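Subject: Structure handover

Hello,

Here is the structure I promised to pass on. Please open it first, then read my notes below.

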Amino acid sequence: MIDTLYIEESIRHHPRTISICERFPKARKIICERYGEVFNPKAQNFRLQKQNPALILAEKYKNFALPAPPAYGIGAEKNYYFSHMLNCLYDCRYCFLQGMFQSAHYVLFVNYEDYQQDIRQICNATANEPIHFFSGYDCDSLALEPVTGFAEHFLPFFADIPNAWLELRTKSTQIRSLLNREPFPRCIIAFSLSPDEIARKVEDKAPSLLRRLDALDKLQDQGWPIGLRFDPLIYQTAYQEQYKNMFEQVFSRIKPELLHSVSLGVFRLPEKYFKKIHKLYPEEKLFASPLETRQKMTSYKTELEQEMMQYCTEQLLSYIPESKFFPCTL
Ligand code: SF4
């Protein structure tokens with residue numbers, strides 16, 4: 001799956017680097033000074049690279065956990081996000097990473113312990129307040145778990161800090177490291193879900209809805225707090241029927257009373273990312289939808305956006321109480 005590894009000189013002897021290299025004995029290994037040399041140059045084609053991305057092993061020096069954008073949270077006052085990786089195994093056509101990064105190569109920052117030190121300091125500074133940390137902002141939290149061991153390393157760490165909450169955002173069925181340990185109530189496993197008819201068109205390489213539901217089911221059975229993220233809602237002429245059927249399917253498997261939270265938001269992208277992605281995929285039907293740009297964000301026309309939010313909100317509130325519902329209106 002990975003035939004080229006770029007490795008920063010400073011971490012070439014790091015134990016995590018060594019064990020990842022051992023997983024890919026046939027991969028070409030190229031030593032570099034800083035990952036930006038490979039990742040940042042402008043003359044790269046994200047679409048072409050996405051066909052065969054390399055894995056870049058790098059060290060992160062600063063900005064380990066950052067305050068989350070407003071409205072990103074699920075009820076807590078203090079929200080941070082952190083990314084042990086940049087880019088993703090899957091290829092969702094609506095993904096903002098395609099607009100944000102020049103390169104589709106995966107970057108993995110191997111110095112997990114420095115992230116943990118930073119997170120511990122943030123939690124110690126306000127020890128009486130719950131602090132939520134979101135992983136899966138610049139990547140999928142679990143998709144490369146067998147390679148990264150991310151959850152395996154971070155779950156015991158978070159379990160040990162009484163005021164730290166962790167949300168793992170994913171579409172992946174790589175849940176073995178979760179099932180292998182005791183669940184803890186401050187770790188929410190949040191799955192992004194779309195109707196299958198939509199996922200097949202715009203979530204290339206991601207597991208089907210059924211496989212995500214199987215994973216959710218197992219996790220909920222074992223006692224993990226589950227989050228459902230219906231975000232982004234994607235418009236198709238039959239969207240009402242598609243979403244109605246999906247909600248029925250989801251709640252025939254998932255116990256609403258044990259859910260941690262449900263969020264909902266329509267397709268939206270910063271205008272400059274939208275323009276870049278549209279150029280990469282001019283033939284993509286998603287971008288021929290009734291879209292408009294308001295305050296530098298490109299999304300569905302206001303009336304359509306409101307109609308979609310209202311319809312799906314009504315549907316969802318027939319299954320879950322309002323206290324678990326977090327619509328995203330940005
Ligand atoms: S799963 Fe998430 S991070 Fe990965 S391509 Fe899809 S939207 Fe982007």
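A cavity is a set of points, on a 1 Å grid over the protein atoms alone, where a 1.4 Å probe fits but cannot get out. A pocket is an open set with protein on both sides within 12 Å along at least five of seven lines, and lining residues have an atom within 4 Å of a point. Grid points are joined across faces, edges and corners, and a volume is the space filled by probe spheres set on the points.

Some ground rules. This is a predicted model, where local features need pLDDT of at least 70, side-chain atom pairs count only at pLDDT 80 or more, and totals for chains, interfaces and linings use all residues. Residues are numbered from 1 along each chain as its sequence is written, and side-chain values use heavy atoms, with hydrogens and water left out.

The structure holds one cavity of 30 Å³ or more. About 30 Å³ of space lies in the largest cavity. Its lining is Met85, Asn87, Cys88, Leu89, Cys139, Asp140, Ala143 and Leu144. Six of these count as nonpolar, one as polar and one as charged. (Nonpolar covers Ala, Val, Leu, Ile, Met, Phe, Trp, Tyr, Cys and Pro; charged covers Asp, Glu, Lys and Arg; the others, Gly among them, are polar.)

The largest pocket has a volume of about 1100 Å³. Its lining has 45 residues, and Tyr72, Phe96, Tyr137, Arg169 and Arg268 lie nearest the centre. That lining divides into 28 nonpolar, seven polar and ten charged residues. Elements that each supply at least two lining residues include helix H4 (97-100), strand E10 (164-170) and strand E13 (226-233). Helices (H or I, at least four residues) and strands (E, at least two) are DSSP runs, numbered from the N terminus.

**The sheet**

Five strands form an open sheet in the order E2-E1-E3-E8-E6, with mixed pairing. Strands E2 (28-32) and E6 (85-86) are the edges, and each pairs on one side only. (Two strands pair if DSSP finds at least two bridges between them.) Four bridges join E3 (residues 55-58) to E8 (residues 106-109), and these two run parallel. Alanine 58 has phenylalanine 109 in E8 as its bridge partner. E3 also pairs with E1 (residues 4-8), in the parallel sense, over three bridges. There, leucine 5 has leucine 55 as its partner in E3.

Which way do the E3 side chains point? Leu55 and Leu57 point one way, Ile56 and Ala58 the other, and all are buried. (Buried means under 20% relative accessible area, exposed over 50%, partly exposed in between, with a 1.4 Å probe and protein chains only.)

**Helices**

H10 (residues 209-222) has 14 residues and reaches 20 Å from first C-alpha to last, close to the 20 Å expected at 1.5 Å a residue. The expected span is 1.5 Å times one less than the number of residues. Among the buried residues of H10 are Leu209, Arg212, Leu213 and Leu216. Glycine 223 follows H10, and its phi is positive, near 105 degrees.

H13 (residues 302-317) has 16 residues and reaches 22 Å, close to the 22 Å expected. Its buried residues include Leu304, Glu305, Met308 and Tyr311. Helix H11 (239-253) and strand E14 (259-266) are among the elements that cover them.

Isoleucine 122 sits in H5 (residues 112-125). Is isoleucine 122 buried or exposed? Isoleucine 122 is buried, because its relative accessible area is 15%. Leaving out residues up to four places away in sequence, isoleucine 122 touches Ala65, Tyr80, Ile131 and Phe133. Contact means heavy atoms within 4.5 Å.

Best wishes
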